[in-house]
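Me: I have a structure to go through. Let us take the sheet, the core, the surface and the charged pairs in turn.

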Amino acid sequence: MNKKELVVKYRTLVSLACGAYNLPTRLLRRIRGKDNRIEAPCALMRRVKIHCSGSGNRIVIGDFSVLKDVSIYISGNNNTVIIGSWCHLNGTQICMEDSGNTLKVGEKTRFLGKTHLAAIEGTAITIGENCLFSSDVHFRTGDSHSILDREGRRINASRDITLGDHVWVGTRVMCLKGAEVASRSVLAAGALVTGQFRQPGCILAGVPAKVVKTDIDWSILRVGLGEIPADFVKEE
């Protein structure tokens with residue numbers, strides 16, 4: 001049996017296991033509209049709720065990802081949710097209102113506790129690969145309501161949120177519209193991120209968040225002080 005045949009056989013076995021795993025989970029899907037698609041051929045899901053009202057919406061969950069206690073609410077048209085392969089979502093709520101919004105989560109990213117991701121008015125939330133989310137985290141691309149100037153014109157536009165690869169998001173972090181964080185960064189507990197931080201390898205902390213340390217990386221492994229974790233890869 002060659003490598004290609006082994007891969008096909010492995011995917012088939014995993015798909016069967018996923019089907020057995022998902023069968024009693026009562027995946028709740030309430031879909032209203034036309035041309036809405038849910039693609040999750042090889043994902044493990046328990047207590048997942050999907051509410052979709054609109055047309056042309058797409059939800060894609062990558063192979064071998066695990067979703068537990070996840071809710072996806074979409075109200076509008078042509079919205080897209082893409083969860084990469086090997087991701088883990090626990091207690092995650094995804095909300096989209098209006099049309100043309102996008103949520104992309106890179107491979108091997110993990111949401112360990114309650115996380116709320118909300119996109120409105122055609123904006124995008126982009127989260128890189130191998131990120132780690134703690135609990136009580138909130139991402140919001142807009143304010144949900146209007147702020148007006150003295151002439152009555154709205155002035156609070158919604159904006160995208162972008163996280164690079166391998167970003168550690170601490171507990172009670174809030175990222176608001178326009179936030180941008182580079183790869184290999186750490187968002188400290190309770191940080192309020194509203195600006196653009198394009199230098200990789202930084203620790204951001206405070207309200208509003210600012211850079212408190214540079215030239216860092218992080219590892220999920222807990223090692224002794226001064227030791228180098230086994231998964232550390234030195235930048236060239």
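Reply: Strands here are DSSP runs of E with at least two residues, numbered from the N terminus. Keep in mind that the model is predicted.

Me: In which loop is G170 placed?

Reply: Strand 16 covers 168-169 and strand 17 covers 174-175. G170 belongs to the loop between strand 16 and strand 17.

Me: Is G170 buried or exposed?

Reply: Buried means under 20% relative accessible area. G170 has 10%. It touches S134, S135, V137, L187 and A189, leaving aside neighbours within four places in sequence. By that cut-off, G170 is buried.

Me: What distance separates the C-alpha atoms of G170 and V186?

Reply: The two residues are 16 residues apart along the chain. Their C-alpha atoms are separated by 7.5 Å.

Me: What is the strand order in the open sheet?

Reply: The sheet has eight strands, with parallel pairing. Strand 4 pairs with strand 6 over four bridges, and four bridges also join strand 6 to strand 9. Further along, two bridges join strand 15 to strand 18. The order is 2-4-6-9-12-15-18-21.

Me: Which residue is the bridge partner of T80 in strand 9?

Reply: T80 lies in strand 6 and counts as buried at 19% relative accessibility. Beyond four places in sequence, T80 touches R58, M96, N101, T102 and L103. Its bridge partner in strand 9 is T102.

Me: Which residues touch the most other members of the largest nonpolar core?

Reply: Nonpolar side chains tend to be buried together in soluble globular proteins. The largest nonpolar core here has 43 residues. One of the best connected is F139, whose contacts include H116, L117, I161 and C175.

Me: Which residues make the nonpolar surface patch of about 230 Å²?

Reply: One of them is I220, found in the segment after strand 23 (210-213). I220 is partly exposed, with a relative accessible area of 45%. The patch is made by I220, L221 and V223.

Me: How many residues apart are R47 and D69, the pair that links distant parts of the chain?

Reply: The structure holds eight salt bridges. In one of them the side chains of R47 and D69 meet at 2.6 Å, N to O. R47 is in strand 3 and D69 in strand 5. The two are 22 residues apart.

Me: What is the distance between the closest N and O atoms of K177 and D143?

Reply: These two residues form a salt bridge. K177 lies in the loop between strand 17 and strand 18 and D143 in the loop between strand 14 and strand 15, so the pair ties together parts that are 34 residues apart in sequence. K177 is partly exposed at 22%, and D143 is partly exposed at 33%. The closest N and O atoms are 2.7 Å apart.

Me: Which residue meets D217 in a salt bridge?

Reply: D217 counts as partly exposed, at 29% relative accessibility. The N to O distance in this pair is 3.8 Å. The partner of D217 is R184.

Definitions and conventions. Residues are numbered from 1 along each chain as its sequence is written. This is a predicted model: local features need pLDDT of at least 70, side-chain atom pairs count only at pLDDT 80 or more; totals for chains, interfaces and linings use all residues. Side-chain values use heavy atoms; hydrogens and water are left out. Two strands pair if DSSP finds at least two bridges between them. A nonpolar core is a set of buried Ala, Val, Leu, Ile, Met, Phe, Trp, Tyr and Cys residues joined through side-chain atoms within 4.5 Å. Buried means under 20% relative accessible area, exposed over 50%, partly exposed in between (1.4 Å probe, protein chains only). Contact means heavy atoms within 4.5 Å. Patches are made of residues with over 30% relative accessible area and no salt bridge: like charges are joined within 9 Å, nonpolar side chains (Val, Leu, Ile, Met, Phe, Trp, Tyr) within 5 Å. Accessible areas come from the Shrake-Rupley method with a 1.4 Å probe; for residues, only the protein chains shown count as cover. A salt bridge is a side-chain nitrogen of Lys or Arg within 4 Å of a carboxyl oxygen of Asp or Glu.
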